[in-house]
Amino acid sequence: MYDICTIGHITLDKVVTTQSTNYMPGGTSFYFSKALRKFDVSYMLVTALAEQENHIVAGLRDENIEVFSQHSAHTVYFENIYSANQDHREQNVLQKAAPFTVAQMPAIDAKIFHLGPLLSDDITVDLLKVLAAKGMVSLDIQGFLRYVENKKVFYTDWADKKEALAHVSILKANEFEMEVVTGTSDVIEGAKYLAALGVKEVIITLGSKGSLIYKDDHFFQIPAYKPTAIIDATGCGDTYMAGYLSKKVKGAGVQEAGEFGAAMATLKIQSSGPFSGDAEMVEEVVRFGECDREMIAQAIYL
């Protein structure tokens with residue numbers, strides 16, 4: 001029995017910012033896994049990539065991360081282009097990988113299954129339902145809203161949301177994704193809409209303004225901690241969720257887990273590549289980091 005099992009593709013990422021262009025592995029599964037490698041959680045990654053990228057999996061295993069890797073003819077290849085405003089990006093997809101299905105899923109038990117689809121057909125709804133019968137399902141919804149046309153990434157509502165979200169315990173979406181799937185830009189109404197579909201904990205990330213979490217008819221306002229520098233926002237949402245779920249699986253409440261995840265995301269944005277710190281570093285940001293708790297309130301109510 002693992003504490004957390006993540007399911008999602010490792011990608012090849014080209015990250016273009018105003019300061020640099022970098023080539024690196026990426027994807028929810030990669031950033032999430034790397035963020036937890038120094039944490040006291042029992043963890044397994046289920047991924048898929050082409051044989052020529054197996055060195056990425058070998059590198060994760062060298063860091064004592066357990067990985068089940070299914071074969072795929074191709075590895076997902078993303079191009080992420082950021083402007084000076086790191087809350088937004090342009091994306092292109094140059095390759096796609098094989099989907100995750102019930103038949104291909106190894107026999108793994110976990111307290112939390114964190115699903116990180118990158119494109120709409122990455123993970124079947126049947127697999128989501130099977131996992132929900134075994135443990136809590138945590139979902140980063142972004143991939144189910146994405147489709148690719150002429151290599152460009154576009155967003156549309158998730159046709160299977162009513163069937164699938166009834167089986168999701170924890171859902172994470174950013175402001176834009178929330179609006180796509182709910183039809184409203186009001187984060188209060190959007191969170192309530194998703195909860196009405198069956199989600200137990202709805203997490204809406206608001207970039208530099210913080211995040212909002214809705215559970216049991218109560219809203220938790222999570223501030224964003226101020227970084228010393230903004231270098232690369234790729235993987236910040238994944239890092240946030242790694243921190244959040246690592247706390248939740250140990251019994252932490254929503255506010256504590258949210259602030260821990262926010263602090264991890266702040267540390268990650270200060271450098272290129274995955275989060276490389278440990279829990280002690282994160283706790284120091286929570287205790288001593290600078291944040292504007294009024295900003296999250298203004299973002300919600302104005």
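Predicted model: local features only at pLDDT ≥ 70, side-chain atom pairs only at ≥ 80, totals over all residues.
Nine strands form an open sheet of mixed pairing, in the order β5-β4-β1-β8-β9-β12-β13-β14-β15. Because β5 (66-71) and β15 (218-222) stand at the edges with a single partner strand each, one side of each is left without a neighbour in the sheet. From one strand to the next, the twist averages 15°.

Within this sheet, strand β13 (residues 201-205) and strand β14 (residues 211-215) run antiparallel and are joined by five bridges, and I204 has L212 in β14 as its bridge partner. Helix α8 (residues 254-269) packs on the sheet, where it touches β13, β14 and β15, and its direction makes about 30° with that of β15. Helix α6 (residues 187-196) lies across β12 (170-174), β13, β14 and β15, and runs at about 145° to β13.

Turning to the glutamate, E79 lies in strand β6 (residues 76-82). With a relative accessibility of 16%, E79 falls under the 20% cut-off and therefore counts as buried. Leaving aside residues up to four places away in sequence, E79 touches K14, E90, Q91 and N92. The side chain of E79 also makes polar contacts with the side chains of two of these residues, K14 and N92, as the table sets out.

| Side-chain pair | Polar contact distance |
|---|---|
| E79 and K14 | 3.3 Å |
| E79 and N92 | 2.5 Å |

A133, by contrast, is 54 residues from E79 in sequence and 35 Å from it in space, C-alpha to C-alpha.

Key
Residues numbered from 1 in each chain as written. Heavy atoms only, no water. Helix = DSSP H or I, 4+ residues; strand = E, 2+ residues; numbered from the N terminus. Buried < 20%, exposed > 50% of the residue type's maximum accessible area, 1.4 Å probe, protein only. Contact = heavy atoms within 4.5 Å. Polar contact = N/O pair within 3.5 Å; in protein donor to acceptor, adjacent residues only side chain to side chain. Pairing = 2+ DSSP bridges. Axes fitted to C-alpha atoms, helices over the stretch in contact; angles between N-to-C directions.
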